[in-house]
Amino acid sequence: MPTTLLRDSRALATLAVPLVLTQLAQVALTTTDTVMMGLLGTRELAAGGLALVVFTQLRTMGVGLVTSVGNRIAAASARAERSTASGGGTGGRGHGAGQGTEGGDGGGGAHDEVRAIVRASMAVATIAGIAGALLMILIGRALVWLGQDAEVVDSARSMLLALAPGLLPCLWFQVVRQFTIGMRRPQALLHITLASVAVNAGLNWVLIHGTWGAPRLGLTGIGAATSTVHLLSFAALYLLAKRDRELAPLLALNPFKADPAIARRLVGLGAPIALTYGSEAGFFSVTALMAGSFGTAALAAHTAVNQLVYIVFQVAVGLSHAASINVSRELALGRTEQARRIKNTVLACAGAVMTVVGIVYLAVPHLVLAPFLDSGSDRALTIATQLLTVTALLQFFDCAQNIGVGLLRGLDDTRSGFRITLVGYWAVGLPAAWLLAHPLGLDTLGIWLGLLTGLAATAVLLLRRYSAALTLRSGSAPAAAPA
């Protein structure tokens, strides 16, 4: 068994490690922003955190809408490759190996399909980006009605105005990202993301303090820097893709030439993913508003610890994606037991990482929180230290529920994830957070205990659903096909 686990872990890591590194590089952008907010003061951290909650909610749902683009691109690209192969290919790997063995229609036709998918995804991203930006501004106007401090709301509203234009290039970047992944040429992604972190930090400093002749914008400068970085990242990835001889002929970004039927198909595939992502992000957004009702220090502490959770969550995202791909492949080969074993392997890997991180949180909490709250109030630091103790356990369930969503996606089941998150987050977690925070008087600590409860319920339900679906398949599936 240890040998089998080690072998399975290596296979998982081959896919997961590059994904985790790219995710961590991406989250470094918001981490840099949060650190810069903390240097400005507790009120700025609270206001900036509130603005980032709104931006992250809408961005996450927009990304979900175009997440299926990579799979569609991979399928069309594989058909093109098979049509040009001397033997035509055997198609024996099925959709689980990359979802790209669905009959050959000729390389030219498949290449046309790739271009059509890219155009349709750009249309979806453009509409979502414009709608999301407008909604962001409207939400900024409504924050004062949600029990938040008036000064905090004023600062958050200004930052949201600066962040709103960045949503559109952010989603355009995601389209080109999915295109390069689907074409199996994502090499530039990590380099661009790492470069964007450095550019973001520099622009933050310049626009916050007004150096080198730039306007002194304070907190709003962080939002302007983030929007600029999203635009530069999209431009850089697009230009690098256009220099690639394989990618350039297929990169058609004109959304006005999109096929409405393909766009509707992408929305149909992406909507359950967007709703699942939105359900989780919304759960955290509402708890941020609840924390803000306990004062600026509570919201600042919530923002700092939530950012730490978000960083570690990227490990779960990488593991979840890798497990999802491996499950699809094993099921396409009729190997249900191997698919069942993947669940155990990925949870073991995630548990090992979360254990190490949890030990660090418990051993040196002030060191972990220093980048965010070193110049903040003592009360914010005290609250954050309490929350970090809860987080040491919470992150196990947060990781497990994200892995559960990925495993179900490997079964081509995107709707169950949304339904289960509605139950776990909103029917269990949110009432628990309110009960513990208000009637039981635990304030912000009670909110985080409610978060823990909701994530634990969601993780259990998702993993049970996956095991039940595999048992059903093993009872009705034909004998495994030869590899």
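User: How many nonpolar, polar and charged residues are in the lining of the second largest cavity?
Analyst: Six are nonpolar, one is polar and one is charged. This is a predicted model, where local features need pLDDT of at least 70 and side-chain atom pairs pLDDT 80 or more, while totals for chains, interfaces and linings use all residues. Numbering runs from 1 along each chain as its sequence is written, and side-chain values use heavy atoms, without hydrogens or water.

User: What makes Asp398 count as charged?
Analyst: Asp398 is in that lining. Asp, Glu, Lys and Arg count as charged, so Asp398 does too. Cys399 and Met354 also line the cavity. Cys and Met count as nonpolar.

User: Why is this space called a cavity?
Analyst: On a 1 Å grid over the protein atoms alone, a 1.4 Å probe fits there but cannot get out, so the name applies. The space is about 40 Å³, the volume filled by probe spheres set on the points. The search finds two cavities of 30 Å³ or more.

User: What makes Val309 a lining residue?
Analyst: Val309 is among the lining residues, which means that it has an atom within 4 Å of a point. Helix H10 (296-332) and H13 each give two or more residues. H10 gives the most, four.

Notes:
1 Å grid on protein atoms, 1.4 Å probe; cavity = no way out; pocket = protein on both sides within 12 Å on 5 of 7 lines; lining within 4 Å.
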